[in-house]
Amino acid sequence: MELNITCIPGDGIGPEIVAEAKKVLDAVAVKYGHTMNFTDVLMGGASIDAYGKPLTDETIETAKGADAVLMGSIGGDTTTSPWYKLPPNLRPEAGLLGIRKALNLFANLRPAVLYEELAEACPLKKEISAAGFDMLIMRELTGGLYFGERKTVEENGIRKAIDTLTYDENEIRRIAIKGFDIAMKRKKKVTSVDKANVLDSSRLWRSVVEEVAKDYPEVTLEHMLVDNCAMQLVKDPAQFDVILTENMFGDILSDEASMVTGSIGMLASASLNDSKFGLYEPSHGSAPDIAGKDIANPIATILSASMMLRYSFDLDKEADAIDNAVKQVLKEGYRTIDIMSEGCKQVGCKQMGDLLAQKIV
């Protein structure tokens, strides 16, 4: 298969970690007989430096012409970088918001995996972390409270703010279909999270999800109120497979889930549109303080590349090869500095990429 991938190295450690992801993807291509075509474009601070704005029309068109986008990290030090003296619409993160809109990326996927070898980093009790967990939070990204009508008014001398939470059935249906499709590639369980005991939007959400579930008889569906889900994530995270939820709930729950893994350098993410197209990126930031020092952890970006193979190209075997390479390298005791523990072997960003590429089988 020929895979046409637009790469956005970005800022800070972005170019370093994207280079290692490419290295691993090239190893996959050699092993499984694929062709990887990478096209690099600028976005964020790098684009500001080159073109005076964080996202150009050329970058958008190049991304649209690809099969998928692999991105590093966007942004810099908000206190010292000249980028953050610019108006908000010209700052690095505006490029990320712009490309999400341009590519119609409405489904955000955030895996949270606790690797056995990194269980000591988990902040939960040992009897909980010992069970491990491997969940994926599917968050609707373009609707709900964050995108509803909002205003601040003054009534009778008192200020009042109004935010509107709106979803229509089509917005709910398309994210539900994505959630169930992905559950079919995993453990075939969907936990739909809402606040149906209070909100009309959640009652519609629950109704539409149940309609979609009828087309996936192999998938187990359960409903859970968002406050209970927040508790269950720290009480028994191993019970979850795919958590399907709306924008604000997903924003909060995905951050909670990432923290219980104990290592943000291991967390991948993806944003998908109606087709197989997606933008894949690590969940962590650009870490400008360590850029160029060859100490960044590339694993989150490499795992994002694995997600790309799985969800944009349906190359499950190749994605499994990357995931298994990560597990094997961790089992052999190799660590970047951010996940280093006593008795392990510390390696740099490039060496970690080399080790993972060598483990592709």
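**Entry 1: the largest pocket**

I began with the open spaces, and the largest pocket holds about 800 Å³ of space. My model is a predicted one: local features need pLDDT of at least 70, side-chain atom pairs count only at pLDDT 80 or more, and totals for chains, interfaces and linings use all residues. Residues are numbered from 1 along each chain as its sequence is written, and side-chain values use heavy atoms, with hydrogens and water left out.

I noted what the space words mean. On a 1 Å grid over the protein atoms alone, a pocket is an open set of points with protein on both sides within 12 Å along at least five of seven lines, while a cavity is a set of points where a 1.4 Å probe fits but cannot get out; lining residues have an atom within 4 Å of a point. Grid points are joined across faces, edges and corners, and a volume is the space filled by probe spheres set on the points.

I found 32 residues lining the largest pocket, with Leu96, Leu97, Arg100, Arg139 and Leu141 nearest its centre. Two or more lining residues come from each of β3, α4 (92-102), β4 (107-114), α9 (247-261) and β12. These labels are DSSP runs numbered from the N terminus: helices are H or I with at least four residues, and strands are E with at least two.

I sorted that lining into 10 nonpolar, 13 polar and 9 charged residues. Here Ala, Val, Leu, Ile, Met, Phe, Trp, Tyr, Cys and Pro count as nonpolar, Asp, Glu, Lys and Arg as charged, and the others, Gly among them, as polar.

**Entry 2: the second largest pocket**

I read a volume of about 610 Å³ for the second largest pocket. Its lining has 26 residues, and Val113, Tyr115, Asp134, Arg186 and Asp323 lie nearest the centre. The elements giving two or more residues to this lining are β4, β5 (133-140), α10 (299-311) and α11 (316-331). By class I have 13 nonpolar, 2 polar and 11 charged residues here.

How many cavities of 30 Å³ or more does the structure hold? I noted 2.

The largest cavity has a volume of about 50 Å³. Its lining includes Leu165, Tyr167, Trp205 and Phe249. Helix α7 (200-213) gives the most to this lining, with 3 residues. The classes are 6 nonpolar, 2 polar and 2 charged.

The second largest cavity has about 30 Å³ of space. Among the residues lining it are Arg110, Pro111, Ile137 and Leu267. β4 and α9 each supply at least two residues of its lining.

Is β3 mostly buried or exposed? I found that 6 of the 6 residues of β3 (residues 68-73) are buried, so the strand is largely enclosed by the rest of the structure. Buried means under 20% relative accessible area, exposed means over 50%, and partly exposed lies in between (1.4 Å probe, protein chains only).

I then looked at its neighbours. Two strands pair if DSSP finds at least two bridges between them. Strand β1 (residues 2-10) runs parallel to β3, joined by 5 bridges, and Thr6 stands opposite Val69. β3 also pairs with β12 (residues 278-282) in the parallel sense, over 2 bridges, where Leu70 has Tyr280 as its bridge partner.

Strand β1 has 7 of its 9 residues buried, so β1 too is largely enclosed by the rest of the structure. It pairs with β2 (residues 35-40) over 6 bridges, in the parallel sense, and Asn4 stands opposite Asn37.

**Entry 3: the nonpolar cores**

A nonpolar core is a set of buried Ala, Val, Leu, Ile, Met, Phe, Trp, Tyr and Cys residues joined through side-chain atoms within 4.5 Å. The largest one has 67 residues, and Ile5, Leu25, Leu109, Met138, Tyr280, Leu309 and Leu356 touch the most other members. Helix α10 gives the most to this core, with 8 residues.

I followed Leu309: leaving out residues up to four places away in sequence, its contacts include Leu3, Leu25, Val28 and Met36. Contact means heavy atoms within 4.5 Å.

**Entry 4: two positive phi angles**

Where is Asn104 found? I placed Asn104 in the loop between α4 and β4. Its phi is near 55°, a positive value in a residue other than glycine. Asn104 counts as partly exposed because its relative accessibility is 35%.

Lys188, also not a glycine, has a positive phi of about 60°. I found Lys188 in the loop between α6 (169-184) and β8.
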